[in-house]
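Subject: Structure handover

Dear colleague,

Here is the structure I said I would pass on. Please keep it open beside this email while you read.

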Amino acid sequence: MKIVEKTASSILNKSGIPGIARVINPYTGCLHACVYCYATFMRRFTGHSEPWGKFLDVKVNAPELLEKELSRKTITGSVMLSSVTDAYQYAEAKYRITRRLLEILLDHDVNVEILTKSDLVTRDIDLLKRFRNASVGMSIMTTNDRAGRHFEPYAPVPSKRFAALGKLKDSGIGTWAFISPFLPGVTDAESILKKLSGIADESAIEAFNMRGACLMGVKKVMKQHYPDMLSGWEMQASDRRYWDHIELLGKTSARKNGISFSGLYRH
């Protein structure tokens, strides 16, 4: 895995995500190496020959850029960390870029939403508690740590993410969960939502993206670890009626566990 320190030209980018005004990606690339990652398309903009998941560019000047950009504009709405990387992947423990960005966002009274797969986010509870509006979401596709290792080889295992949500919730910070991606035959939304009871305020589900590299990576892992599920799997994952059922299941299970449900995101 290759880690390179680089300077960026901008850091506060416009967002196409509903309810999010701007997005900050403190890193380019992600060393979690999730086999289903939709962000592999970013590789062609990086100049890297390494496969996605094998390189990371650290935007060492990100805090200075953010301070400069916020001094020139007022942010209406929330800023999200992050959309095509994980702001709390392992390198953050060394570089602390995300923490410095949070300090600046706090100084400017900006609303913050975080989406991560890492329990490292709990390191910054002291800062997050001081925001007027801050929430943390965990991306979770399974309750099974072993299955997590199959599909998300270098990300913190699911049990650590559930524990992190509990710590955040106990600290008075808004919490949410993104059941993503929902892999037919692997993901059990009912089990996930049951474990989220009392530790997540909100939830949503993302249907598996059947396009290109996402599909190829998942099929490779399923052939190795879940061969019995492969027969008819692609047909099921492409069936609109199947996703209608999953959306209803998610809504019902979320209500049962006292969690709001914002729906299922389809590709």
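What follows is a short account of what was found in it, from the whole chain down to single residues.

This is a predicted model, in which local features need pLDDT of at least 70 and side-chain atom pairs count only at pLDDT 80 or more, while totals for chains, interfaces and linings use all residues. Residues are numbered from 1 along each chain as its sequence is written, and side-chain values use heavy atoms, with hydrogens and water left out.

**The whole chain**

The protein chain has ten helices and eleven strands. Helices (H or I, at least four residues) and strands (E, at least two) are DSSP runs, numbered from the N terminus. The C-alpha trace spans about 55 × 45 × 30 Å along its principal axes. The radius of gyration of the chain is 18 Å, which agrees with the value near 18 Å that a compact globule of 267 residues would have. That radius is taken over C-alpha atoms, and the globule rule is 2.2 Å times the number of residues to the power 0.38.

Of the 267 residues, 54% count as buried. Buried means under 20% relative accessible area, exposed means over 50%, and partly exposed is in between (1.4 Å probe, protein chains only). The chain exposes about 12,700 Å², and carbon and sulfur atoms supply 50% of this area. Accessible areas come from the Shrake-Rupley method with a 1.4 Å probe; for residues, only the protein chains shown count as cover.

Among contacts between residues at least 6 apart in sequence, 74% join residues at least 24 apart. Contact means heavy atoms within 4.5 Å. As for charge, the mean positions of the 38 positive and 28 negative charges are 3 Å apart. Lys and Arg count as positive and Asp and Glu as negative, with His and the chain ends not counted. The place of a charge is taken as NZ of Lys, CZ of Arg, CG of Asp or CD of Glu.

Ser139 is in strand β8 (residues 134–140) and counts as buried because its relative accessibility is 8%. A polar atom of the Ser139 side chain lies 3.4 Å from the backbone oxygen of Ser180. Beyond four places in sequence, Ser139 touches Leu115, Thr116, Lys117, Arg161, Phe178 and Ser180.

Arg161, one of those partners, is in helix α6 (residues 158–170). With 0% relative accessibility, Arg161 also counts as buried. The side chains of Arg161 and Glu152 are joined by a polar contact of 2.6 Å. A polar contact is a pair of N or O atoms within 3.5 Å; within protein, one must be able to donate a hydrogen and the other to accept it, and residues adjacent in sequence count only if both atoms are side-chain atoms. Residues touching Arg161, not counting those up to four places away in sequence, include Lys117, Met138, Ser139 and Glu152.

Ser180 is joined to Pro181 by a cis peptide bond, with omega about -15°. Pro181 lies in strand β9 (residues 174–182).

**The loop between β6 and α2**

A cis peptide bond also joins Leu81 and Ser82, where omega is about 5°. Ser82 is in the loop between β6 (78–81) and α2 (91–95), and Ser83 is placed in the loop between β6 and α2 too. Leaving aside neighbours within four places in sequence, Ser83 is in contact with Ile17, Val23, Asn25 and Tyr38.

**Helix α3 and the residue after it**

Helix α3 is mostly covered, with eight of its eleven residues buried. Among them are Ile97, Arg99, Leu101 and Leu105. Just after α3, Asp109 takes a positive phi of about 55°. Asp109 is in the loop between α3 (97–107) and β7 (111–116) and counts as partly exposed, at 40% relative accessibility. Ala33, in the loop between β4 (27–28) and β5 (55–59), has a phi near 55°, a positive value in a residue other than glycine.

**Gly250**

Gly250 lies in helix α10 (residues 240–256) and is buried, with a relative accessible area of 0%. Leaving aside neighbours within four places in sequence, Gly250 is in contact with Leu193, Ile205 and Phe261. Gly250 and Ile192 are 58 residues apart in sequence and 9.9 Å apart in space, C-alpha to C-alpha.

Regards
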